[in-house]
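Subject: Structure handover

Hello,

Here is the structure I promised to pass on. My notes on some of its strands follow below it.

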Amino acid sequence: MDQIRASLQDSLRLQSGDQLAEQAMQACTRIGFEIAWGNLATLEPDPDTTFQNRIVTIDRSDPAHAPFDMMRTRVLQTLRQNSWTSIAITSPTASCGKSLVALNLAFSLAHQQDCRTLLVDLNLKQPRIGKMLGVNAPASMEDYLKGDAPIHNIFQRYGENLAVGTNHQPVLFSAELLQSAEATRVLQDLRLRMGPDVILFDMPPMLSSDDVTAFLPNVDCAILVAAAEVSTFDEVDNCERYLSERTNMLGVVLNKCEYCTDY
């Protein structure tokens, strides 16, 4: 009986030690995330520029923010149910408003205090995120993806839980860069160091290059943004089918629709 009691006590001590070790590791990880986020420069969007570009979820004074908040909630629920974190946001062609959707979704997520979000401009041939915010990109996204620039040189922090990676220099051979082993390593390191709950990748249009095809293995799911009276049914159908065959489809967003109900 004494031997059984002693064995139980030893087992409890081992379990307690394991739990303490696990708690210590979790605490160290959280501290590492805090340091990484704290090292980022502050992002200061230009109010006039964001107003002109319809980034309505920053201060939420415009009732048009409501659809993006609803989209945020549905996206978060799906991500958490499936243990996903990364989303590619693309469109069939240019001028569909995918960067607008990406920015509004990112700032809507920033209002969710328990959710850390990264927005990364990977429309490498025609970067738009920095211009739409009225900020200068601190470094080249090409240098970052090649491993030649650290995280704090490319990302800027808005508030406590949104970091935006902008780009100031177009990349000539973007598809080759996006599917390179070094770019994959850099993005894995980004996840480990920053610990984001959601990563939004603003991608190029699908029908203008093979960039999206090259990058899809790096994401958990995708959102397709179509524009009313711009995107054709065949374009949307073909792009949606292609994405569905290669990743998880979160849905299709219809943008630029003039006929809408009250929010």
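Start with Leu 119, which stands opposite Leu 200 in S6. Strands here are DSSP E runs of at least two residues, and helices are H or I runs of at least four, both numbered from the N terminus. Strand S3 (residues 117-121) runs parallel to S6, and 5 bridges join them. Two strands count as paired if DSSP finds at least two bridges between them.

A word on the source. This is a predicted model: local features need pLDDT of at least 70, side-chain atom pairs count only at pLDDT 80 or more, and totals for chains, interfaces and linings use all residues. Residues are numbered from 1 along each chain as its sequence is written, and side-chain values use heavy atoms, without hydrogens and water.

Now S6 itself (residues 198-202). Of its 5 residues, 5 are buried, meaning under 20% relative accessible area with a 1.4 Å probe, protein chains only. Val 198, Leu 200 and Asp 202 cover one side. Ile 199 and Phe 201 lie on the other. S6 also pairs with S2 in the parallel sense, over 4 bridges. There, Ala 88 has Phe 201 as its bridge partner.

S2 (residues 86-90) pairs with S7 as well, again parallel over 4 bridges.

S7 (residues 221-227) has 7 of its 7 residues buried. Parallel to S7 runs S8 (residues 248-255), joined to S7 by 7 bridges. Asn 248 in S8 is the bridge partner of Cys 221. The chain gets from S7 to S8 through helix H10 (residues 233-246), in a right-handed β-α-β crossover. Right-handed means that, with the strands pointing away from the viewer, the path from the first strand over the helix to the second runs clockwise.

Best wishes

Note on methods
Buried < 20%, exposed > 50% of the residue type's maximum accessible area, 1.4 Å probe, protein only.
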